[in-house]
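Trainee: Could you take a close look at how the helices pack against one another in this model, and go through the geometry carefully?

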Amino acid sequence: MKDTQGNRTYLISVILVAVLGGLLFGYDTAVISGADKSLQAFFLGSKDFTYNDFWHGFTSSSALIGCIIGSSISGWLASSLGRKRSLFLAGILFFVSAWGSMFPESMILTQGEPGLMLLVVFNVYRIIGGIGVGLASAICPMYIGEIAPSNIRGMLVSWNQFAIIFGQLVVYFVNFFILGDHIAPVIVSIGQGLNEITNGAEAKWAIESGWRYMFGSEMVPAGLFAVLICFVPETPRYLVSIGKDRQAKQILETINGAGKAQEILQDIKATMQVKTEPILTYGMLCIFVGIMLSVFQQAVGINAVLYYAPRIYEAMGFDNPMMLTVFNGIINLGFTCVAIFTVEKLGRKPLLITGSLGMAVGAIGVACTFGNESLQLLCMISIMIYSACFMFSWGPICWVLIAEIFPNTIRGGAVAIAVAFQWIFNWIVSTSFVPLSSSMGFWVVYSMYGIICFLAAIFVWRLVPETKGKTLEYMTQLWKDKLEHS
C-alpha cells in the first residue's frame, strides 16, 4: 500500500516557523500603540523644528509606506529569490527596523537629542520595518498555501491570521510590562496642531527610554524568525518553476506521502511549462477578484476598530477603554479560531458571506446606538459583533483565497498586486476615519461601513470561486475555462 499520509509533525513545524512572519506582521504594526505618546513627548523637545500633529500623524503611520513598497515588490522577490529567501529578507528587515527604531541616533547623531534629522532617520527605520511587513503579509500566506496539502490548506493559512492578531496582543502586553510602574506622559492640545506635556518630570523615563525598549523588543521575535526560516524547505511549486524537480518531489513525499507526491508533482509540472506568464494571461477577472478581495477586506472598516478602539470606547462614554480594547482583542483571537476549525468544513464563500452580513448588522447597530447613553451597552455589543464577524471571515479567509485563487505561473505577481491594494486601502481607511467621524459623525461612518459590508457579501456570492479541497493547479483550469466562456 502506497504511503499517502506524509509526516504531519514535520508539516506543522514548518508552518509554525512560517506563521512567525504573521506574528511579526502584527507585532510591528501594533508596537506604535504603546510607544505613541512617549515618542510624541520625546520629539516635542526638539529645538530645530516644531513637532506638530502633522509630524506625529506621519510618524505614527510611516510604516504603512513601507508596507505598500514591500507588498509591491513581493511578487518580484518571491519569483526571483524564492519564497524562503524572501521571508529571510523580511526577518532581517524586521530586526534592522527594531534596532534602528530603538537607537535612531545610530552612533552618528547625538544620543537622546531630538531634532528633525533624528525624526527623519527614525521614520526611515520604521519604513524599513514596513517593507518587512509588506513582504511577510504577501509571502507568508503564499508560502503556506504552496506547501500545505489541499485538504487542510485553508486551515493552515488561517493560522497566519491568528498569528497576526496574537502578535498584536503580545506587543500590547510587552508594552504594558516595559512601562511597569513608570508613568506615561500626558499630552494636551494647545491649539493649531500644537501640544504640550503636563507631567514631563514624572514621565521622564518613558519619554527618554520607554519607547526605545518597546521598539527594540521586536528584535527577539525578528531574530528568531530569521534564524528558523533557514531550516524550512523552499516550496515545491517554486522549486519546479526553477527546474529542481527532484528536491520538489522529496518535499512533497515528506509532506504528502510517496503515493501522493508523484501525482501532485505531475500536476504542478503540467501547469508550469513556462516559469512565468503575463499577469493577464488568465483574464482581467482573475486579477480583479484578487484585488477586490483585498479592497473589501479593508473597506469594511475593520481598522477603524483595531487602530482606534480606545478612542471609540472613550467617545462612547466608557471609563475603561483600554480594558475593553484588550477584551475585544481576546474575542478577536477566539473568533479567528472559529475560521481555523471550520474553513475546511464550511468552505471559504459561506464564511465570507456570513461574516459580511454579520459585520453589516454590527456596523448598522453602532450607527443606530452611538451617542445614546441609554444604549451604550448595545453599542459596545454591536462593535464586538462587527469585530468578531470580521475575525472568522474577512480576516483569515481573504488571505486564504489570495494564496489559493491565482494560477502557479502568475501567483507571485498577482499576490503582490492584490496585497499592495490591501495596504493602500488600509492607509485610506486608517487616515480617513478620524476626520470623517469628526466632521460627519460616527453614525454616518458606520452606516457607510455597513453598506460596504452588504456589497462585499454580494461580490463574494457572484464572483469569488470556492476553493475548498481544490488543488492549486486546479485554479489554472478554472480561470482558463472562465476566460474561454467570457
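Mentor: Helix α1 passes α4 in a left-handed crossing (the near helix turned anticlockwise from the far one by less than a right angle; helices are DSSP runs of H or I with at least four residues). This is a predicted model, in which local features need pLDDT of at least 70 and side-chain atom pairs pLDDT 80 or more, whereas totals for chains, interfaces and linings use all residues. Residues are numbered from 1 along each chain, and side-chain values use heavy atoms, without hydrogens or water.

The axes of α1, residues 8-43, and α4, residues 116-147, lie 10 Å apart at an angle of about 155° (lines fitted to C-alpha atoms over the stretch in contact, with angles from 0 to 180 degrees between N-to-C directions), and the two helices are therefore roughly antiparallel, a term for angles over 145 degrees. Their contact draws on 20 nonpolar, six polar and two charged residues (Asp, Glu, Lys and Arg count as charged; Ala, Val, Leu, Ile, Met, Phe, Trp, Tyr, Cys and Pro as nonpolar; the others as polar).

Turning to α15 and helix α19, residues 442-463, one finds axes 8 Å apart at an angle of about 165°, so that this pair, too, is roughly antiparallel, and α15 passes α19 in a left-handed crossing. Just after α15, Gly-371 adopts a positive phi of about 90°.

Definitions and conventions:
Angles under 35 degrees count as roughly parallel, over 145 as roughly antiparallel, 65 to 115 as roughly perpendicular and the rest as oblique.
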